[in-house]
Amino acid sequence: AQTDPMPDSPAAPREERAADLCVLAELVEIQMSIARATQQEALQAPAPGVDYCQRIATVARAVRLTLLLKDTLSRQEAERRKAAARREAAREDRHGLRVTLAMMAAVYESSEDGEEDRRAAELSERLERPEVAELVEASPAPVAVAALCRRWGYPVRVEQWLEMADEAMEHLGLLPSDGEDPE
């Protein structure tokens with residue numbers, strides 16, 4: 001009888017998954033020991049009426065199923081790690097974009113001389129500098145925006161700039177899914 005696949009439930013902690021894989025490896029070794037013992041018995045002292053081929057086939061099937069389960073668990077763990085890495089990369093990308101858009105809002109809202117486009121181009125260059133990129137990456141968006149506004153002489157209206165950035169990201173469909181913090 002086959003069982004239903006495990007439902008998608010919260011991932012077991014990494015240690016539990018590793019322990020499960022160790023148990024499955026041990027089961028394979030036990031099954032292989034049974035197969036070897038059956039082979040020895042069949043070759044050295046076969047019992048009359050015993051179907052050794054059937055015994056070996058049964059053990060072989062158990063080994064195949066156990067290896068398949070072990071492989072499936074390993075792949076699931078690898079997929080979980082990849083998905084977590086993708087989520088983290090997307091979060092970091094959104095964070096940088098959010099700070100950039102907030103700073104662009106500061107440029108456009110605080111410029112009165114018609115030089116918004118030039119200042120926006122300068123801002124883009126400044127944001128690419130390693131020390132600025134490091135500040136943005138290492139700081140929450142409100143802290144980064146406040147620091148950059150002070151550094152470059154823009155009004156420190158962090159909430160307003162971030163709200164405008166969030167509106168732009170929402171318009172572009174780049175806001176995180178429900179339950180995920182924009183930071």
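**Exercise 1.** In this predicted model, is Glu29 buried, partly exposed or exposed?

*Solution.* Start with the relative accessibility of Glu29, which is 44%. Next, look for its partner: Glu29 makes a salt bridge with Arg36, and their closest N and O atoms lie 3.5 Å apart. Arg36, with a relative accessible area of 41%, is partly exposed too.

**Exercise 2.** Find the salt-bridge partner of Arg81 and work out how the two residues are placed in their helix.

*Solution.* First, the partner is Glu77, with 3.6 Å between the closest N and O atoms. Second, Arg81 and Glu77 are four residues apart in helix α2 (residues 52–110), so about one helical turn separates them. Third, check accessibility: Arg81 has a relative accessible area of 43% and is partly exposed, while Glu77, at 10%, is buried. Finally, widen the view: a network of salt bridges links Arg17, Glu77 and Arg81.

**Exercise 3.** Which residue forms a salt bridge with Arg98?

*Solution.* Begin with the contact: Arg98 pairs with Asp166, their closest N and O atoms being 2.6 Å apart. Then place the two: Arg98 sits in helix α2 and Asp166 in helix α6 (residues 158–172), 68 residues apart, and the pair thus links distant parts of the chain. Lastly, Arg98 has 9% relative accessibility; buried means under 20%, so Arg98 counts as buried.

**Exercise 4.** How many salt bridges does a search of the whole structure find?

*Solution.* The search gives nine salt bridges. Among them are Glu29 with Arg36, Arg81 with Glu77 and Arg98 with Asp166.

Note on methods: Residues numbered from 1 in each chain as written. Predicted model: local features only at pLDDT ≥ 70, side-chain atom pairs only at ≥ 80, totals over all residues. Heavy atoms only, no water. Salt bridge = Lys/Arg side-chain N within 4 Å of Asp/Glu carboxyl O. Buried < 20%, exposed > 50% of the residue type's maximum accessible area, 1.4 Å probe, protein only.
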